[in-house]
Amino acid sequence: KQHSLNSNSNFSLENKTVCELGAGLGLCGIVAHLYGKAREVLLTDGDTDTLANMRRNIALNVPPSSSAKSGNDNDIDPSRTIRCKQLL
């Protein structure tokens, strides 16, 4: 069964933990964090340069608290996190 984050789907990442192995530049994880409302997102990659670019993408696209906005545009949910780790 295929899943998507569109509004016609019953599939939800809300309050889930997402781990992406070989995340590259981190786009899928950033989307899971910002729009999927995943509780925790862990992005990984083995390449040092790619990991540096992934971290830069997160810094540029995710609010400074490392949390996405919740229901009210003025509310920040500090319990939601997005992190990067290097694979060996």
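The structure is a predicted model, in which local features need pLDDT of at least 70 and side-chain atom pairs count only at pLDDT 80 or more, while totals for chains, interfaces and linings use all residues. Residues are numbered from 1 along each chain as its sequence is written, and side-chain values use heavy atoms, with hydrogens and water left out.

The chain holds two helices and three strands, and from the N terminus on these elements follow the order β-α-β-α-β. Of its 88 residues, 31% count as buried, a term that stands for under 20% relative accessible area, with exposed meaning over 50% and partly exposed in between (1.4 Å probe, protein chains only). Contact is taken to mean heavy atoms within 4.5 Å, and among contacts between residues at least 6 apart in sequence, 56% join residues at least 24 apart.

Strand 1 (17–20) presents a covered face made up of Val18 and Glu20, and an uncovered face made up of Thr17 and Cys19. Four bridges join strand 1 to strand 2, and the two strands run parallel; strands are said to pair if DSSP finds at least two bridges between them. Within this pairing, threonine 17 stands opposite glutamate 40 of strand 2. The chain passes from strand 1 through helix 1 to strand 2 in a right-handed β-α-β crossover, right-handed meaning that, with the strands pointing away from the viewer, the path from the first strand over the helix to the second runs clockwise.

The buried residues of helix 1 (residues 27–34) are Gly29, Ile30, Ala32, His33 and Leu34, and what covers them includes strand 1, strand 2, helix 2 (48–61) and strand 3 (81–86). Alanine 32, in helix 1, counts as buried because its relative accessible area is 4%. Leaving aside neighbours within four places in sequence, alanine 32 is in contact with Leu13, Val18, Lys37, Ala38 and Val41. Alanine 32 and isoleucine 82 are 50 residues apart in sequence, with a C-alpha to C-alpha separation of 9.5 Å in space.

Two residues other than glycine have positive phi values: asparagine 15, with phi near 65°, and lysine 37, with phi near 60°. Asparagine 15 is partly exposed, since its relative accessible area is 48%. Lysine 37, found in the loop between helix 1 and strand 2, also counts as partly exposed, because its relative accessibility is 31%.

With a salt bridge defined as a side-chain nitrogen of Lys or Arg within 4 Å of a carboxyl oxygen of Asp or Glu, the count comes to one. It is formed by glutamate 40 and arginine 83, whose closest N and O atoms are 2.7 Å apart. The pair links distant parts of the chain, with glutamate 40 in strand 2 and arginine 83 in strand 3, 43 residues apart. Glutamate 40 counts as partly exposed because its relative accessibility is 24%, and arginine 83 is likewise partly exposed, at a relative accessible area of 35%.

Apart from neighbours within four places in sequence, the residues in contact with aspartate 45 include Gly22, Ala23, Gly24, Thr50, Leu51, Met54, Lys85, Gln86 and Leu87. Aspartate 49, by contrast, is found in helix 2 and is exposed, because its relative accessible area is 57%. Aspartate 49 and glycine 24 are 25 residues apart in sequence and 9.9 Å apart in space, C-alpha to C-alpha.

The structure holds zero disulfides, a disulfide being a pair of cysteine sulfur atoms within 2.5 Å. Cysteine 19 counts as partly exposed because its relative accessibility is 47%, whereas cysteine 84, at 15% relative accessibility, counts as buried.
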